[in-house]
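Below are my notes on what I looked up, entry by entry.

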Amino acid sequence: MNTDAPWPDLNEARARVLEIQVKLHQWATGSPGRRFDDLFNLVCDPAFLTVGWDRVRGNRGARTAGVDGVRPRSIDRRGERFLRGLRDDLKARRFRPLPVRERMIPKASGKQRRLGIPTAADRVVQASVKLVLEPIFEADFHPCSYGFRPKRRAQDAIEEIRHFTARSYEWIVDGDIASCFDEISHPALIARVRARVADKRVLGLVKAFLIAGILEKDGQIRSTKTGTPQGGILSPLLANIALSVLDEHHAEAWQTTMATAAQRVKRRRAGAPNYRLVRYADDFVILVAGTKQDAQALIDDTASVLATIGLRLSPHKTTVCHIDEGFEFLGFRIQRQIKPGSNKAFVYTWPCKRALAQITAKIKTISKQGTSNPLHVLLAQINLALRGWTVYFRHGASSRTFDYLRHYSFWRILGWLRRKHKHAAWKTIRRHYLNRGWPHDEKVELFNPSSVAITRYRYRGTKIPNPWTTRTPTTTATG
């Protein structure tokens, strides 16, 4: 492919990238054993670098600098001079990834998660590599995985779980991979990348990003002999490539012995279980139609598969439960219960207590800020949090939770107003800030969670399209 074209604008770049991605995906789908060469020229292609730069500069991380102190937002929006220099370094083999800057963020469990923040140049190259590799590996990925894949959502994974647990897959292995992003074996990962990529220059780039190291808060550089640091654009794709070994293992078992209804009936009559994997990044469950002992036996089987890529299950967090007991996955509580007013049991999904505690804690933190700002500033911040949370959970049985969230946010706002106007009478506050009893200020009204319509998410099964199988009029490249 000719990569010496003049530097394109963003729309031209998106169209070119999408066109090449479609070809790569078609070739990969048509030839499952094909190894792709000459991919490095695509990584250096101005169109791929331009689209990669647009994504780097357009996301929230653009305000954060790596070890070089350069924030992507500080570079001009088009970034042509920056990209030309980066392309020259790549073509001349001068480009070397720098260590990522360590940043610790709190987890819901109280522990901390380590993020690695790459430099602006490293992010752009990672984005370009991802644009090239993703359509190739998407041809090999199985439908049972949903995390960090184009056009796939957490709701797809939740609905697949609900679909199968409502059809006698009543025992659940709730798996937890210990330190997944920190312990992936580099040789095992590179071997899986090499199965599809023959270009040694691209393999060298992937290796260089893996071993770039981490600049810790004390100023020391820690080597990275295993893992792929969270925070990099390329990391989710690499993790999916590594974890696809688990998908392949379960998909092969399903296709060879459980693909048809007759096979599944025969297995159950013989006392053998039927089971199915649902994975979202490093979170997964195995749904089992069988006994508790069958489910427990699958833990050892899964552990042996993960060991091939240097990973292990957490013995304390990997559990087996029955659907009537319920379990939590991706923020949802999934449990079978008797429908009120009937004697029939159904599998329901709703926001778990931990997810509710997180959003209420966020609202509390926002509403505890000082009272110097006007009310509409506070409302805009709370509305942003409420809208995102309710949109995510609107496909579950969330009406009561949304009603509670409405009540909670209302009284947090009123508490803030009473602190802001300590000596004002209640009638004065109500006249100025409550429109028909609901908080508002300068045409900004508190978002009402109860107004969000609850709808059942449609189970899409294996019919989820990707951006390269069906061409559409849009020119948005995906990666």
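**Two helices side by side**

H13 and H15 come out roughly parallel to each other, because an angle under 35 degrees counts as roughly parallel, over 145 as roughly antiparallel, 65 to 115 as roughly perpendicular and the rest as oblique. Before going on I noted that this is a predicted model, where local features need pLDDT of at least 70, side-chain atom pairs count only at pLDDT 80 or more, and totals for chains, interfaces and linings use all residues. Residues are numbered from 1 along each chain as its sequence is written, and side-chain values use heavy atoms, with hydrogens and water left out.

I looked up the angle itself: helix H13 (residues 353–367) and helix H15 (residues 399–420) cross at roughly 15°, their axes coming within 10 Å. Axes here are lines fitted to C-alpha atoms, for helices over the stretch in contact, and angles run from 0 to 180 degrees between N-to-C directions. Helices (H or I, at least four residues) and strands (E, at least two) are DSSP runs, numbered from the N terminus.

Which residues meet there? On the H13 side I listed Leu356, Ile359, Thr360, Ile363, Lys364 and Ser367, and they meet residues of H15 including Tyr404, Tyr408 and Trp416. Contact means heavy atoms within 4.5 Å.

**The four-stranded sheet**

Next I traced an open sheet of 4 strands, in the order E6-E7-E3-E8, with antiparallel pairing. Its edge strands are E6 (274–280) and E8, each pairing on one side only. Two strands pair if DSSP finds at least two bridges between them. Neighbouring strands of this sheet are turned by 20° against each other on average, direction ignored.

Helix H12 (residues 292–307) lies across E3 (171–176), E6, E7 and E8, running at about 140° to E7.

**Two hairpins**

E12 (residues 434–435) and E13 (residues 438–441) run antiparallel, joined by 2 bridges. I found leucine 434 opposite proline 439. The pair forms a hairpin with 2 residues between the strands, and arginine 436 in the turn has a positive phi of about 55°.

E13 then forms a hairpin with E14, again with 2 residues between them; here glutamate 442 in the turn has a positive phi of about 50°. Aspartate 441 has valine 444 in E14 as its bridge partner.

**Salt bridges**

How many salt bridges are there? I get 22, counting a side-chain nitrogen of Lys or Arg within 4 Å of a carboxyl oxygen of Asp or Glu.

Arginine 456 and glutamate 159 make one of them, with the closest N and O atoms 3.5 Å apart. This pair links distant parts of the chain, 297 residues apart: arginine 456 follows strand E14 (444–445), and glutamate 159 sits in helix H6 (residues 154–165). Glutamate 159 is buried at 4% relative accessible area, whereas arginine 456 is partly exposed at 44%. Buried means under 20% relative accessible area, exposed over 50%, partly exposed in between (1.4 Å probe, protein chains only).

Aspartate 199 and arginine 201 form another, at 3.3 Å between the closest N and O atoms. Asp38 joins these two in a network of salt bridges.
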